[in-house]
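Keep the structure open while reading.

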Amino acid sequence: MAGRLAILACTGGLPVALAEAHPDAVIYTLKGVPSAVAERAEEFPIEKIGALFAAMKRAGVDRMVFAGALTRPALNPADLDADMMRLAPRLMAALPQGDDALLRFAIEAFEEQGVRVLGAHELLSELLAEPDLAIGPAPSKAQVSDIARGFDILRVTAPLDIGQGCAVAGGQCLGIETVQGTDALLAYVATTPERLKRGQKGVYVKAAKHGQDLRIDMPLIGPDTIAGIAGAGLAGIAVQAGQVMILDRATTLHAAEEAGIFVVSQSVE
């Protein structure tokens with residue numbers, strides 16, 4: 001008999017989409033991490049990871065998915081249970097190495113419990129940006145060049161584990177996504193003086209980091225991304241085909257068309 005799917009639900013709209021698509025899934029949240037599905041979930045402090053492991057075993061969970069944005073945990077050493085005490089040295093070693101190392105640690109910790117970690121894209125494949133996606137006006141020649149420049153920038157910064165997006169105008173990098181996220185970057189780009197854009201509206205580019213484990217923290221865009229692009233005065237967004245999810249797809253693409261913003265996808269080596 002097949003076991004149950006668990007959703008570890010964090011911030012954002014992805015946990016909602018997963019919960020709607022998999023109504024029989026058991027949902028867990030972490031204390032201090034807001035989630036839109038919290039009322040349907042059982043909450044655990046991150047220090048009590050052993051209690052979460054035990055709850056998953058009782059529920060017959062054999063598969064799980066991490067969903068939504070998770071900030072780095074603030075741990076109280078006095079509250080650590082035996083399982084977290086056992087994992088703490090590996091967690092402490094992963095923390096200074098960047099998000100990818102931390103996420104790999106999280107995957108390993110749960111898979112050591114016999115739970116297979118799935119990516120949200122494996123459960124909601126219809127949200128993946130398909131090859132040759134083209135919504136809205138066609139990018140100009142200058143914007144095509146800026147898109148290529150953006151993907152080049154993300155390719156170079158990927159080994160540094162910085163972020164998954166950047167804005168480019170007239171070949172000039174206006175900003176790179178960091179821990180503050182996409183919305184913060186686009187708000188910052190909105191403050192850029194026009195003279196620095198070299199007469200171009202510019203583009204936003206989103207891609208997975210090379211070598212990233214897409215089971216956690218897969219790049220995604222949604223209606224808020226389109227609003228941020230419009231507010232930043234950019235012409236559109238280019239995403240990596242098959243490596244970026246479009247949350248609330250119909251609403252997102254309709255908002256882009258209404259705002260005259262292009263959404264295109266591109267395969268990236």
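Helix axes here are lines fitted to C-alpha atoms over the stretch in contact, and angles between N-to-C directions run from 0 to 180 degrees. The model is predicted.

**Helix pair H7 and H8**

- Helix H7 spans residues 182-189 and helix H8 spans residues 223-231.
- Their axes come within 8 Å and cross at roughly 15 degrees.
- Angles under 35 degrees count as roughly parallel, so H7 and H8 are roughly parallel to each other.
- The crossing of H7 past H8 is left-handed.
- On the H7 side, Thr 182, Asp 183 and Leu 186 make the contact.
- H8 contributes Asp 224, Thr 225, Gly 228 and Ile 229.
- By class, the residues of this contact are 2 nonpolar, 3 polar and 2 charged.

**Second largest pocket**

- The volume of the second largest pocket is about 190 Å³.
- This pocket is lined by 15 residues.
- Closest to its centre are Ala 208, Lys 209, His 210, Gln 240 and Glu 269.
- Helix H6, residues 141-157, gives the most to the lining, with 3 residues.
- The lining of this pocket divides into 7 nonpolar, 5 polar and 3 charged residues.

**Cavity**

- How many cavities of 30 Å³ or more are there? The count comes to 1.
- The largest cavity has a volume of about 50 Å³.
- Its lining includes Asp 100, Leu 103, Arg 104 and Ile 107.
- Gly 211, Gln 212, Asp 213 and Ile 216 also line the largest cavity.
- In the lining of the largest cavity, 3 residues are nonpolar, 2 are polar and 3 are charged.

Note on methods. Residues numbered from 1 in each chain as written. Predicted model: local features only at pLDDT ≥ 70, side-chain atom pairs only at ≥ 80, totals over all residues. Heavy atoms only, no water. Helix = DSSP H or I, 4+ residues; strand = E, 2+ residues; numbered from the N terminus. Parallel < 35°, antiparallel > 145°, perpendicular 65-115°, else oblique. Left-handed = near helix turned anticlockwise from the far one by under 90°. Contact = heavy atoms within 4.5 Å. Nonpolar A, V, L, I, M, F, W, Y, C, P; charged D, E, K, R; others polar. 1 Å grid on protein atoms, 1.4 Å probe; cavity = no way out; pocket = protein on both sides within 12 Å on 5 of 7 lines; lining within 4 Å. Points joined across faces, edges and corners; volume = space filled by probe spheres on them.
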